[in-house]
Amino acid sequence: MQLIVLGFLSINVISDVLQKQIGERALAVSKTLSQNEKLQKLMYLDDPNGEIQEMAEKIRKKTGAEFVVVGDENIKRFSHPDEWKIGKHMVGGDSMRAINTGESYISKAVGTLGPSIRGKVPVFYNGETVGLISTGYLISDVKDIIGEYVYIFKTVIMILLLIGVISAVLIAKGLKKAIFGLEPHEIASMLSERNTIIETIHEGILAVDNDKNIRFANGAAVSILENNKSRSIVGQNLEHIFPKFDLQSVFENGKAILNYEIFMKRNLIANVNPILHKKNIMGAVISFRPKDELYELGKKLSYVRQYTETLRAKTHDYSNKLHTIAGLIQTDNYDEALKFVLQEYSDYSETLEIVNSTIKDPIVASLILGKFNYAEEHKVSMEIDEDSMLSEVPADIDSYKLVDILGNILDNAIEAAFSSQDKKVKISFTDFGNDIVFDIEDSGKGIEDNLYSSIFEKGYSTKENYGRGLGLHIVKRRLNDLRGQISCGRSDLGGAAFTIIIPKNMRSE
């Protein structure tokens, strides 16, 4: 009895499944045809030469559908298996939904050929709805197919039940192993956590398969790429998003790509890691952030570092001076202590006044003042030429890049002067004319003439310490960004002399 009940239930299930599959097949045919650009244009032009009928009939015969009907926005037919019905309106009452809402769906209705399962898909041309496609299979044909299955089912039901029990046991074991012994609710929880984590990350994340088709994009990726339709990214080929991004090494060797710069409207820094399953490369995950965001963070860190350096130098300097004042007071030399305090105040006020009067940009002024303190800590005399003047840095010039340039050159000059007898550094600058010009000189050993072309190479250094040789390379890179120039020569002080020229208006370059 149970077997009979099971048989009837199975027949109903088969019937439902078949109808659903046929409906999905009808919908798939309609969707495929709706993407045909030639068809879209013909529908937009109202099919002046009657070509749509031939196209629809070819598809119908290839797919075995009962009908492939193409209609305009008023559901007036462009095609039909019965040609005399072309030009008449589609029947069944289930077509206007596709036109009005732009939805794709499966429906059951009675048409001119009888009750059928239909797949309805709207057709767009340049964003405008120009009609729809209806692909259908007669329900009577479906019943015939079901009847064949019923006969076969009665013959093999016992065998299938036996195989089903055995298979269920094996599948359950295999599935449990494949999902790492997790229960369904645990998988759902992990999936929810994973989605939340990925959407919380500020970096853009894309997952691609071996054909470079995008399978997943998080919200940050959509935002960074300035794409308001998040799902339109998924399904696209990566080359449409990043045309010059070569992932060949990832797919061939499984080698990650780190800190790769992608040049586009908004430059990005990307990292790529392969997706591995049992040592097979299944695709790749790309994470990226706008370069300007990373640079902004770097600028802030640079500014904090400069501020910290200034505080450190001042703390060390003031500590020594406080010890001196304390000693003078303890030895009852009050007049000398007062004189020392007034002299220190006068020297600092003079330095501050010189910096504030000659440099109007607060970031550059802070750098120069910090380097004054740094030089003073190293017993190096740093002097600003009295004719120097720098107004506000133009908006075209990134002040923080300028800080990188001057900071590295001044650090080198102070270190070079420290090892000399005179211990002097001189800086002059002007923004008169179309360029900003800085001259920085030191009393160090200088640079040999034959080394002028080498000192800006990455890793080159006259110092022995590991990790040196980046300062002047950074200077050169920053100057390239600002379209500036730098030259090196011999200073009147005996050491090196660097001249930096930066155009005020980069747009005119």
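This is a predicted model: local features need pLDDT of at least 70, side-chain atom pairs count only at pLDDT 80 or more; totals for chains, interfaces and linings use all residues.
How many bridges pair E12 with E14, and in which sense do the two strands pair?

**View 1. Strand E14 and its partner E12.** E12 and E14 pair in the antiparallel sense, over seven bridges. To find your way along the pair, pick out Ile436, whose bridge partner in E14 is Ile502. E14 itself is mostly covered, with six of its eight residues buried.

**View 2. The E13–E14 hairpin.** On to E13, which also runs antiparallel to E14, joined to it by six bridges. Here Ile486 stands opposite Ile500 of E14. The two strands form a hairpin with five residues between them. Look for Gly494 in the turn: its phi is positive, at about 110°.

**View 3. Asp492 in the loop.** Asp492 is found in the loop between E13 and E14. Is Asp492 buried or exposed? Asp492 has a relative accessible area of 78%, and since anything over 50% is called exposed, that is what Asp492 is. Ser443 makes a handy landmark here: 49 residues separate Asp492 and Ser443 in sequence, yet their C-alpha atoms are 8.2 Å apart in space.

**View 4. The largest nonpolar core.** This core has 45 residues, and Ile368, Phe498 and Ile500 are the ones with the most contacts inside it. Helices H13 (362-377), H14 (399-418) and H15 (471-481) each give two or more residues to the core, and so do strands including E10 (381-384) and E11 (424-430). Strands E12 (435-442), E13 (485-490) and E14 (496-503) are also on that list. Apart from it lies another core, this one of 25 residues, among them Leu206, Ala221, Ile233 and Ala284. Nonpolar side chains in soluble globular proteins do tend to be buried together.

**View 5. What surrounds Phe498.** Which residues does Phe498 touch, once its neighbours within four places in sequence are left aside? Its contacts include Ile409, Phe438, Asp439 and Ile440. Ile447, Ile455 and Phe456 are also among the contacts of Phe498, along with Ile486, Ser487 and Cys488.

**View 6. A nonpolar patch on the surface.** Leu162, Ile166 and Leu170 make a nonpolar surface patch of about 320 Å². Leu162 lies in helix H5, which covers residues 139-178. With a relative accessibility of 57%, Leu162 counts as exposed.

Key. Residues are numbered from 1 along each chain as its sequence is written. Side-chain values use heavy atoms; hydrogens and water are left out. A nonpolar core is a set of buried Ala, Val, Leu, Ile, Met, Phe, Trp, Tyr and Cys residues joined through side-chain atoms within 4.5 Å. Buried means under 20% relative accessible area, exposed over 50%, partly exposed in between (1.4 Å probe, protein chains only). Helices (H or I, at least four residues) and strands (E, at least two) are DSSP runs, numbered from the N terminus. Contact means heavy atoms within 4.5 Å. Patches are made of residues with over 30% relative accessible area and no salt bridge: like charges are joined within 9 Å, nonpolar side chains (Val, Leu, Ile, Met, Phe, Trp, Tyr) within 5 Å. Accessible areas come from the Shrake-Rupley method with a 1.4 Å probe; for residues, only the protein chains shown count as cover. A salt bridge is a side-chain nitrogen of Lys or Arg within 4 Å of a carboxyl oxygen of Asp or Glu. Two strands pair if DSSP finds at least two bridges between them.
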